[in-house]
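Have a look at it first, and then we can walk through its charged pairs, its sheet and its packing.

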Amino acid sequence: DYSGNPYEAYFSAPELMFPAEPLPERDGLELKDAVVGVWAGGAARAYPLKEFSSAADVTTIDEELAGKTFRIRFDPEHQTLRVLDRDDGVNHAYSLWFAWYAFRPETEVFEYAPAD
């Protein structure tokens, strides 16, 4: 039966299904917020989906991490993020914030700042 989401109750509750450590302590991000994590060399950055969905004018940004370049594209219709045009050595993964942080607690978090 594909008419419903079997994880609907899980995503609507703040509790995790299993213990995870370390847990992030960051204002503005919930444990189960969707992120695209990008890493290159020894650097890591998380791109929260909600940073893009709240900024209707943003669909594509060019980024740099550890001297490597890549592009993040937001699809407002499907509420998804993709990593495109990436240099060799740029890796990425879709994750939930708590899981990304558990593997990469040193990560920085992208915050959208509109150009003046």
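R71 and D62 form a salt bridge, and their closest N and O atoms sit 2.6 Å apart. Keep in mind that this is a predicted model, so every value here is computed from it. How open are the two partners? R71 counts as partly exposed, at 25% relative accessibility, while D62 is exposed, with a relative accessible area of 53%.

R71 also has a salt bridge with D85, where the closest N and O atoms are 3.0 Å apart. D85 belongs to the loop between strand 5 and strand 6 (91–96) and R71 to strand 4, so this pair ties together parts that are 14 residues apart in sequence. D85 is exposed too, with a relative accessible area of 56%.

How many salt bridges does a search of the whole structure find? The count is 5. One of them joins the side chains of D33 and K50, at 2.9 Å from N to O. Since D33 lies in the loop between helix 1 and strand 1 and K50 lies in helix 2, the pair ties together parts that are 17 residues apart in sequence. D33 is buried, with a relative accessible area of 16%, whereas K50 is partly exposed at 34%. There is also a network: R45, E63 and E108 are joined by salt bridges that share partners.

Here are the three pairs with their distances side by side.

| Salt bridge | N to O distance |
|---|---|
| R71 and D62 | 2.6 Å |
| D85 and R71 | 3.0 Å |
| D33 and K50 | 2.9 Å |

Now for a charged residue without such a partner. K32 is found in the loop between helix 1 (8–12) and strand 1. Is K32 buried or exposed? K32 is buried, yet it has no salt bridge. The nearest side chain of opposite charge is E15, and that is 5.9 Å away. What the side chain of K32 does reach is the backbone oxygen of A13, at 2.5 Å.

Strand 4 and strand 5 pair over 5 bridges in the antiparallel sense. If you want a spot to look for, D75 stands opposite T80 in strand 5.

Last comes the packing. In soluble globular proteins, nonpolar side chains tend to be buried together. Here the largest nonpolar core has 17 residues, and the ones that touch the most other members are V38, Y47, F52, I61, F70, I72 and L81. Which elements give two or more residues to this core? They are strand 1 (34–40), helix 2 (49–53), strand 3 (60–65), strand 4 (68–75) and strand 5 (80–84). Strand 1 gives the most, with 4 residues. Apart from this core lies another one, of 8 residues, including V35, W97, Y101 and V109.

Technical notes. Residues are numbered from 1 along each chain as its sequence is written. This is a predicted model: local features need pLDDT of at least 70, side-chain atom pairs count only at pLDDT 80 or more; totals for chains, interfaces and linings use all residues. Side-chain values use heavy atoms; hydrogens and water are left out. A nonpolar core is a set of buried Ala, Val, Leu, Ile, Met, Phe, Trp, Tyr and Cys residues joined through side-chain atoms within 4.5 Å. Buried means under 20% relative accessible area, exposed over 50%, partly exposed in between (1.4 Å probe, protein chains only). Two strands pair if DSSP finds at least two bridges between them. Lys and Arg count as positive and Asp and Glu as negative; His and the chain ends are not counted. A salt bridge is a side-chain nitrogen of Lys or Arg within 4 Å of a carboxyl oxygen of Asp or Glu. A polar contact is a pair of N or O atoms within 3.5 Å; within protein, one must be able to donate a hydrogen and the other to accept it, and residues adjacent in sequence count only if both atoms are side-chain atoms.
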